[in-house]
Amino acid sequence: MAILKKAAAVLALALALAVPAHAAPSEYEIKAAFIYQIARLVEWPPERADGIAPRLCVLGGNPFGAALESVRGKPVNGRGIDVALLGAGADTRECALLFIATPAEKSLDRIVALSRGAGLLTLGDTEGFGQRGVMINFFLESGKVRFEINLDAARQGNLKIRSKLLSLAKIVD
């Protein structure tokens, strides 16, 4: 009987080690989920809201990896989100959301200028992007993903951000 108990314990331990534990979501999986929720809490101008499926574009490389697949097809204003990875100098007119990765920082001033009045929600995760005109910028605080909102940039972009989202953000100038 003791041998049977030992065998059962060894088998249970082997199974526990063989089955991977559910890993915590990565930083960029969390940011992808935030982007989807943010898109649902932004009021787009009529010309953008009545158009084709909202497109989330990523410029300057893809720090998300496969995490963006979790938002592809999810509904925003009744239409599924499309995801596109853009190269340098790409046309952003078809984008409703534009995540600007750190390598694209050299083009930031031009991108911010193009977003004014265009109904294009700009996002990033680089220190100082919020103060430089990116509308929503992610940052880490005590190991948690947080975000800041540049309200003036959002207004200039012809976007309205709902109070529910504003209550969760740090507001920057």
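Predicted model: local features only at pLDDT ≥ 70, side-chain atom pairs only at ≥ 80, totals over all residues.
Figure 1. Most residues other than glycine have a negative phi.

**Figure 2. N77 in the loop between β3 and β4.** The loop shown lies between strand β3 (75–76) and strand β4 (79–80), and N77 is part of it. N77 is a residue other than glycine, yet has a positive phi, near 55°. With 43% relative accessibility, N77 counts as partly exposed.

**Figure 3. The open sheet.** The sheet is built from 7 strands, in the order β5-β2-β6-β7-β8-β9-β11. The sheet is open and its pairing is mixed. At the edges are β5 (82–86) and β11 (170–172), each of which pairs on one side only. From one strand to the next, the twist averages 25°. Helix α2 (residues 27–40) packs on this sheet and touches β2 (55–59), β6 (97–100), β7, β8 and β9. The direction of α2 makes about 140° with that of β8. Helix α4 (residues 108–115) also packs on the sheet, where it touches β2, β6 and β7. The direction of α4 makes about 165° with that of β6.

**Figure 4. Strand β8 and its two partners.** Strands of a sheet pair through backbone hydrogen bonds, either parallel or antiparallel. Strand β8 (residues 136–141) pairs with strand β7 (residues 121–124) in the parallel sense, over 2 bridges. Here L123 stands opposite I136 of β8. With strand β9 (residues 144–150), β8 pairs in the antiparallel sense, over 6 bridges. N137 has E148 of β9 as its bridge partner, and E141 stands opposite K144, also in β9. The hairpin of β8 and β9 has 2 residues between the strands, and S142 in this hairpin takes a positive phi near 55°.

**Figure 5. The disulfide between C57 and C95.** The sulfur atoms of C57 and C95 are 2.0 Å apart and form a disulfide. A search of the whole structure finds 1 disulfide. The torsion about its S-S bond is about -90°, so the disulfide is left-handed.

**Figure 6. Two nonpolar cores.** The largest nonpolar core has 36 residues, and W44, F64, L97, L121 and I136 have the most contacts inside it. Two or more residues come from each of α2, β2, β6, β7, β8, β9 and α5 (151–156). Helix α2 gives the largest share, 6 residues. Leaving out residues up to four places away in sequence, F64 touches Y28, K31, A32, I35, V58 and F99. Another core, of 14 residues, lies apart from the largest one and includes C57, L59, I111 and F129.

**Figure 7. The buried side of helix α4.** L108, I111, V112 and S115 are buried residues of α4. These four cover an arc of only 100° around the axis, which means that they are on the same side of the helix. The buried residues of α4 pack against strands β2, β6 and β7. After the helix comes G117, which has a positive phi, near 75°.

Figure 8. Y36 is part of helix α2. Its relative accessibility is 10%, so Y36 counts as buried, the limit being under 20%. Apart from neighbours within four places in sequence, Y36 is in contact with V71, K74, P75, V76 and I81. Y36 and V76 are 40 residues apart in sequence, and their C-alpha atoms are 8.1 Å apart in space.

Notes:
Residues numbered from 1 in each chain as written. Heavy atoms only, no water. Pairing = 2+ DSSP bridges. Axes fitted to C-alpha atoms, helices over the stretch in contact; angles between N-to-C directions. Contact = heavy atoms within 4.5 Å. Buried < 20%, exposed > 50% of the residue type's maximum accessible area, 1.4 Å probe, protein only. Disulfide = S-S within 2.5 Å. Core = buried A, V, L, I, M, F, W, Y, C linked by side-chain atoms within 4.5 Å. Arc of directions from axis to C-beta.
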